[in-house]
Amino acid sequence: MKIYKFILATTLILLMLVSLTSCIIIPRYKRYDDINSENVSSIMIYDLRECETTDSTFLKNEEPVYTLPDEKLKDFLDDLADIQFSDHILIILAAVDPSFNYGDWVARINNTDGTYLLISSHGYGEAYNSSGQVTDTNHYGCDNEEWAEFISRYLPSELLKEPNQSK
């Protein structure tokens, strides 16, 4: 019986030391390679570089800066499928839940059934139903520079100028 108490006490002490002195990081990866281009009605790009709010309320205040032509939808989705997004689950005792925001550029992928998906580089994305209600959120992000370069391939050059420059 003493050996069981010793093992239990040792395990609890080790768990407490690990949780108080460090964190556990679990990486997860995702690619948006499951989006069927035949179900996509349009893709809109939002520029949030000068937006006051970069959480999901930006949709109420911001208009898309560009809507991709129909002939570019498949290319966009094929290139999007090549980008690796990642999420890192942090297990920290008494950690504060972080707030998540969209990055400078957001892609809105509209489906023919009225649902849509918001994707950005900053580790925040949301899926909406046809009534505009959030059905799913995720914290998958990618490299900001890779995302900006990806978006720049599909935008007219005049939209890529720095926000404080004249457009």
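Strand β5 (residues 105-111) is mostly covered in this predicted model, with six of its seven residues buried. On one side, β5 pairs with strand β2 (residues 40-47) in the antiparallel sense over seven bridges, and here R108 in β5 stands opposite M44. β5 also runs antiparallel to strand β6 (residues 116-120), joined by five bridges. Four residues sit between the strands in the β5-β6 hairpin, where G114 takes a positive phi near 95 degrees.

Now for helix α3. In this stretch (residues 73-81), the buried residues are L73, F76, L77, L80 and A81. Seen down the axis of α3, they fall within an arc of 135 degrees, so they line one face of the helix.

The salt bridge count comes to five. Here are some of them:

| Pair | Closest N to O distance |
|---|---|
| D78 and K74 | 3.3 Å |
| D79 and R153 | 3.3 Å |

D47 is buried, at 9% relative accessible area. D78 and K74 are four residues apart in helix α3, which puts about one helical turn between them. D78 is partly exposed at 38%, and K74 counts as partly exposed too, at 48%.

What about D79 and R153? D79 lies in helix α3 and R153 in the segment after α4 (144-152), so the pair ties together parts that are 74 residues apart in sequence. D79 counts as partly exposed at 23% relative accessibility, and R153 is partly exposed at 44%. Along with E149, D79 and R153 are linked in a network of salt bridges.

Terms used: Residues are numbered from 1 along each chain as its sequence is written. This is a predicted model: local features need pLDDT of at least 70, side-chain atom pairs count only at pLDDT 80 or more; totals for chains, interfaces and linings use all residues. Side-chain values use heavy atoms; hydrogens and water are left out. Buried means under 20% relative accessible area, exposed over 50%, partly exposed in between (1.4 Å probe, protein chains only). Helices (H or I, at least four residues) and strands (E, at least two) are DSSP runs, numbered from the N terminus. The arc is that of the directions from the helix axis to the C-beta atoms. Two strands pair if DSSP finds at least two bridges between them. A salt bridge is a side-chain nitrogen of Lys or Arg within 4 Å of a carboxyl oxygen of Asp or Glu.
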